[in-house]
Amino acid sequence: MNWQDIRERALAAYLGFAVGDALGATTEFMRPQEIKAKYNIHKEVTGGGWLHLKPGRVTDDTEMSLALGEALVSSGTMDETCVADSFVDWMSSKPADIGHTIRQELSRYKLFGRPRARYSEYANSNGAVMRNLPVIIATLQTPELLCDWSIRQGQITHNNESAAIGMLILSKLTRLTIVYAQNTPHKSLTSQWFKLHPRFDYARYKRSIDGYIVDTVRTVLYFFFNTSDFESCLIGVVNSGGDADTNGALAGMLAGSFYGLNAIPGRWLSRMDGSIVSRIQEQTKALINCFWD
């Protein structure tokens, strides 16, 4: 097992995640027909969108991931209080984008000091999985911790069974892809998982692209399995509209780990916010130094 290659694929997953976030922010909440009318095919990092972002700016997906990664490195473990404090610090910075469930549960934490949210049938969106990549990188050498740490950070805002299952499907698949790259038995693995949780099967993808975790998993895996390169995968996802920044980020995470760093288009990377790219590079190294033997 070549750990230098694994380090590079971990970075590719993180940079691919941020690129997908920035690319998808432009078409978030748009319908495919609206995207086609305005862009024909949206395939450049141009900013704009409903948040009126500058080109290369990211949204809450990447920002919360960085906040989670900072908490992991500073505590040297999964400490829910440290993670929740890091999320609250991020929320206090007045981010351009923050989901309703996240704002509500972080506000609750500020008032009562309990990091785990109460179980809610309505917390079945993709807000937990969208920030979980630092946990995946931190547990690459300790896969027995992946499920526990993922669920614990997720339940700070999204204490919901569906949210947890969807998070684990994408997180396990991404972890294995970072480690084994194109030797990962993706289809056999997902077939096993779909037997247990059939509603997540991407064969049921019907272009429902809201923030519901089931639709997010279906969307990401549909385009991952039905394209043959990083660029095509992300273009397909973000031109579907809806929750395009999160779906694009998660597709970029998986496709980045599969196709590698050199597969991320240079024209996209060159348009990214330089401070975000630097933070991702530094945090990936910090997670590796902190958690890898």
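Guide: A crossing counts as left-handed if the near helix is turned anticlockwise from the far one by less than a right angle, and as right-handed if clockwise. This is a predicted model, in which local features need pLDDT of at least 70 and side-chain atom pairs count only at pLDDT 80 or more, while totals for chains, interfaces and linings use all residues. Residues are numbered from 1 along each chain as its sequence is written, and side-chain values use heavy atoms, with hydrogens and water left out.

Visitor: At what angle do helix 8 and helix 12 pack?

Guide: Helices are DSSP runs (H or I, at least four residues; strands are E, at least two), numbered from the N terminus. Axes are lines fitted to C-alpha atoms, for helices over the stretch in contact, and angles run from 0 to 180 degrees between N-to-C directions. The axes of helix 8 (residues 161-180) and helix 12 (residues 244-259) are 8 Å apart, and the helices pack at an angle of about 25 degrees.

Visitor: Is the crossing of helix 8 and helix 12 left-handed or right-handed?

Guide: The sense of turning follows the near and far helix rule with which we began. By that rule, the crossing of helix 8 and helix 12 is left-handed.

Visitor: What kind of aromatic pair do Tyr-205 and Phe-223 form?

Guide: Rings of Phe, Tyr and Trp (its six-membered ring) pair if their centres lie within 6.5 Å, with planes under 30 degrees apart counted as stacked, over 60 as edge-to-face and the rest as tilted. The count by this rule comes to 12 aromatic pairs. For Tyr-205 and Phe-223, the centres are 5.8 Å apart and the planes stand at 75 degrees, a pair that is edge-to-face.

Visitor: How is the pair of Phe-230 and Trp-268 classed?

Guide: Phe-230 and Trp-268 are both buried, where buried means under 20% relative accessible area, exposed over 50% and partly exposed in between (1.4 Å probe, protein chains only). Phe-223, at 9%, is likewise buried. The rings of Phe-230 and Trp-268 have centres 6.3 Å apart and planes at 55 degrees, so the pair is tilted.

Visitor: Is His-52 buried or exposed?

Guide: His-52 belongs to the loop between helix 2 (32-39) and helix 3 (60-75), and its phi is near 55 degrees, a positive value in a residue other than glycine. With a relative accessibility of 69%, His-52 counts as exposed.
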